[in-house]
Amino acid sequence: GRRPAIVFEMIEETRQPALAAYQNNNPLDATGLGAAVDWGKTGWPAWPKYQPIADVAFEAGLPVFAGNPANHGKSLSAARRTRLGLDDSLSPSQRDAMLETIDAGHCRLVPKRHLTPMVTIQRARDAVLADNAQKASGGKRGAVLILGANHARKDYAAPTVLNRLHPGHTSLTMAFIEVDDELKAPSEYARTFGGDLIPFDYIWFTPRANNRDYCAELKQKFKKFKKHSPKPKTTP
């Protein structure tokens, strides 16, 4: 009988008024929600791929909320940063885990010195996503947070922030993971997350969407970028 709120990582919290207005005016039709929140400008796959989630929410009369911070979290007020613990230092293990995840996510093509700012962005997004999920939950109602797998990790991401800020609340994480032909047992997937344990409560294995080698494509883009980048000037 619970009626949880649905919170999208893909929608910036600045779009919450537009989102609420659309749902109030179109309580049974989620088709135009993407246009209402400028989904096309977010960089995520086209709205029709995510609309089925909103369709279920609208049909059940569940409120939909925006979860992501604007401007990569750089615009957060000092008071909110303090409340979310973003001014506190990360533990070495959490920092190393985040760096490893970001490094692997960029196919190990980005110099390590450029990854530290990305850790700051990741932390801000995790914290704000957890904060907005808690606000949307309204206490006993609860919330379902739709987000990328690395933001759902229980070892350092949004669930960790949620548990720290609200220790009396519980959370459950599920990751949808494409099968890999080289990994023959569920336990072998742990190493894809940089450790010996899978950092989720459950994993739902799905067929592969395609067999594209995204790292090879990204590497090719890097080569083209370097080829056309101006060479630094030298002085005698």
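Strands here are DSSP runs of at least two residues in state E, numbered from the N terminus. The model is predicted.

**Stop 1: the nonpolar patch.** Select Leu172, Met174, Phe176, Tyr202 and Trp204. These residues make up a nonpolar patch on the surface, and their accessible area together is about 610 Å². Now colour residues 174-178, strand E4, and residues 202-206, strand E5; each of the two strands supplies at least two residues of the patch. Tyr202 has its place in strand E5.

**Stop 2: helix H3.** Select residues 47-60.

Next, show the side chains of Trp47, Tyr50, Gln51, Ala54, Ala57 and Phe58, the buried residues of H3. Residues three or four places apart on an α-helix point the same way, because there are 3.6 residues a turn. Then step just past the end of H3 to Gly61, which takes a positive phi of about 70°.

**Stop 3: helix H7.** Select residues 158-165. Which residues are buried in helix H7? They include Ala158, Pro159, Thr160, Val161 and Leu162. Bring in helix H5 (92-105) and helix H6 (116-137) to see what the buried residues of H7 pack against.

Methods. Residues numbered from 1 in each chain as written. Predicted model: local features only at pLDDT ≥ 70, side-chain atom pairs only at ≥ 80, totals over all residues. Heavy atoms only, no water. Patch = residues over 30% accessible without salt bridge, like charges linked within 9 Å, V, L, I, M, F, W, Y side chains within 5 Å. Areas by Shrake-Rupley, 256 points an atom, 1.4 Å probe, with all protein chains shown as cover. Salt bridge = Lys/Arg side-chain N within 4 Å of Asp/Glu carboxyl O. Helix = DSSP H or I, 4+ residues; strand = E, 2+ residues; numbered from the N terminus. Buried < 20%, exposed > 50% of the residue type's maximum accessible area, 1.4 Å probe, protein only. Contact = heavy atoms within 4.5 Å.
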